[in-house]
Amino acid sequence: MSSSPGKKIIHVDSDILVIGGGMAGCGAAYESRYWGRDKNIVVVEKANIERSGAVAQGLYAINCYMGMQWDENQPEDHVRYARNDLMGLVREDLGYDIARHVDSSVHKFEEWGLPMMRDPETGRYMREGKWQIMIHGESYKPIVAEAARKAATEVYNRIMVTHLLLDKNNANRVAGAVGFNVRTGDFYVFRSKAVIIGAGGASHIFKPRAVGEGMGRTWYAPWSSGSAYALPILAGAKMTQMENRIVLTRFKDGYGPVGAYFLHLKTYTENAYGEEYESTWYEHTKELVGEYVDHLPVPTCLRNHAFLEEMKAGRGPIRMVTKEAFQDPHKETVGWENFLGMTIGQAIVWASQNIDPKYINPELTTSEPYVMGSHATCSGAWASGPEDYAPSEYQWGYNRMMTVDGLFGAGDTIGGSAHKFSSGSFTEGRIAGKAAVQYVDDLGNDQPEVSEEEFMNLKDVVFKPMENYEVGRNEIVAGTVSPSYLLPIHGLQRLEKIMDEYVGGISSHYTTNEPLLTRGLELLEMLKEDMHHMGAEDLHQLQRTWELNHRILASESVTHHTMFRQETRWPGYYYRGDHPKLDDDDWHCFTLSRRNPESGDWEMEKAPVYHIVD
Amino acid sequence: MPTFVYMTRCDGCGNCVDICPSDIMHIDKTYRRAYNLEPNMCWECYSCVKACPQNAIDCRGYADFAPLGHSVRALREEEKGTISWKLKFRDGREKNFESPIRTTPWGSIKGPADYEAPNADAMKSQELAHEPEALNIPKLPALTPDQLKQGVIS
């Protein structure tokens, strides 16, 4: 660590700057290089791209693969599936676009060395479900990172990007980004003609179920700090469907995945008394959402809803019936390796509590809410669609460009394109990468300019928490309580409490209403004011402070969107107590927001939903 | 299950510091060995465990819900292309698993610039790199704008 953080300024110039080196960022780097041989392509990552992003731990399945070569599925089928699961509201143009390209990404992963499981009879990829294929994915991320490193001009690890830079002469055009090196404390000014955001969604904005050591065992990675949303929001980009937070039904405490259990192992759930319970709640659910209750497969949120109602009725715990399936040694191995490949913590919970699913049916739980754009949910930035068929309302520039010129995104960053998962996020990165090359080519000499005044001001803002700490620390003898500053963990816990109690977290059974949301916004405002008094003891704490700033912005956006949508579209994800039913007459639409970068005010609007026929 | 580091095995090489996605493995200034400075931000992803050449890093399950006495050890062997797991339950039962991690040599991926440069027509098309060949179908699927309609679909 340097003795004086922020003293040294390092300038890095590029044609294309990729922020975040997870699956989406690696896809963006790869594709940018393929089409832009002469381009300077820079990847910046707050950790190390070898093991960064949500896939750092590995995956045991690729959840988005069409299998068009075997006529297993067509892109239209995937659009129908995602639309159904998200209760009618997805950007079908974006979803179709990912689905038509995703198979080529997966075939490349196999060529690169990712071990795919194959069906011994057909020779095809082993299907876990209609969309999922099974892999030995312990090294999924290192393999993809190898390809990205070969593509990029330079990869900068351990740099936390805090803000985007806008063009001095055009306030709605991106010109780069700033951040700091979490090891050296050097301040980085990235100047770039185009920027692709591939950062992560948001864990730890709602209070997690475990609040001791176990708070690290969130379902989504604790390092997913909502930078995917905060960076575009700060730059004035429009966001969509930010209210569409996701709640996961998972194995208790470890949040181990259930997909392979349901789909491949054919396990099923029952209540504490060994009864099937989903049908019990059919009529009740139908009153809330009408005919959506009859859709197949049953939407993820509605399955959660039945689970929650059964728990509230006092017939928990809900268990996964594994004892039958685990008698088959192959299935038993798949069940365990599934965790070891992607959620090792669940294997540890079971080992520690003597839970062998061959003899005990393990408990399930519902998680705290998360905000993301790549799973069974679609929060994110409002992006321009594919040129060849997107309707005019969805098309104002290059594919995956946000409402800020030159600002692209992929993966968790882009809203509306649900169910993309790892392979779809990589693929969306590829789509954005090619479009960004075209954008840079078309710019010619009309290049953005960064303002020295702007980045020097940001430098002061970025390192202020370290100064606060240094000044305030001498007031007190020892310990964590100061009258002058708060530590990042203090702010994080306050944020989680506000979101939990006012915006529909676990303690309120995921329920909120307008008065609660209004109060939540008031408390968030005070938290934002207090963020000027954050104290960071070292660069690690400075990283935590900026992650918290990003989480707060994402949370503010979620709260405004939740207030705006006056219906309960996804029971099981969250409930508006004052508008308990789904309302297709008024709300079969996308919600859009824009935070005015000057005033900090939020403007809300609706945007139409277009469907692919049938 | 937050990680911890055994004093007698760690030689302070810093591989865990370099790889940790959560930035929680740091070098203790007094002992010059690694430690987990923020266990409640540990995802138990095992990136550090797998990266440690001394096998000095292990996990002890999250204190809020994991009783003591368990063990989940990993050995990742890049040259062999495998990862091996040994699970020990609190009551002493054991389970062992081994999986492949990669089918090609490390470093063998062909970079995108090693392929022939695409022409201007391809740049204007909707095709991505290696398409349509890499799709294993003759042509990239497409829609036309008139296929998109507003309204509720049941």
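Predicted model: local features only at pLDDT ≥ 70, side-chain atom pairs only at ≥ 80, totals over all residues.
Biologist: Why is strand E6 of chain A called mostly covered?

Modeller: A residue counts as buried if 20 or more other C-beta atoms lie within 10 Å of its own. In E6(A), residues 159–167, nine of nine residues are buried, so the strand is called mostly covered.

Biologist: How do you know that E6(A) pairs with strand E7 of chain A?

Modeller: Pairing needs at least two bridges between the strands. Eight bridges join E6(A) to E7(A), residues 170–181, so the two strands count as paired. They run antiparallel, and a hairpin of two residues connects them. Within the pair, A:His163 stands opposite A:Val178.

Biologist: What makes E5 and E7 of chain B edge strands?

Modeller: The sheet is open, with three strands in the order E5-E6-E7 of chain B and antiparallel pairing. E5(B), residues 71–77, and E7(B), residues 94–100, each have a single partner strand, so one side of each is left without a neighbour in the sheet. From one strand to the next the twist averages 10 degrees.

Biologist: How do you know that E5(B) and E6(B) pair?

Modeller: Again at least two bridges are needed. E5(B) and E6(B), residues 82–88, have seven bridges in the antiparallel sense, so they meet the criterion. B:Ala74 stands opposite B:Trp85 of E6(B).

Biologist: Which helix of chain A packs on this sheet, touching E5 and E6 of chain B?

Modeller: Helix H10 of chain A, residues 344–352, does so, and its direction makes about 145 degrees with that of E5(B). Helix H9 of chain A, residues 329–342, lies across E6 and E7 of chain B and runs at about 70 degrees to E7(B).

Biologist: What makes domain 1 and domain 2 of chain A touching domains?

Modeller: The domain assignment gives residues 249–366 as domain 1 and 459–586 as domain 2. Their centres, taken over C-alpha atoms, are 31 Å apart. Contact is judged by residue, with C-beta atoms within 7 Å. The contact takes 11 residues from domain 1 and nine from domain 2, so the domains touch by that criterion.

Biologist: Which helices of chain A each supply at least two residues of the domain 1 side?

Modeller: Helix H7, residues 282–289, and helix H8, residues 300–312, do. H8(A) gives the largest share, seven residues.

Key
Residues numbered from 1 in each chain as written. Chains lettered and ligands numbered in written order. Domains from an automatic or database assignment. Contact = placed C-beta atoms within 7 Å. Helix = DSSP H or I, 4+ residues; strand = E, 2+ residues; numbered from the N terminus. Axes fitted to C-alpha atoms, helices over the stretch in contact; angles between N-to-C directions. Buried ≥ 20, exposed ≤ 12 C-beta atoms within 10 Å, placed from the backbone.
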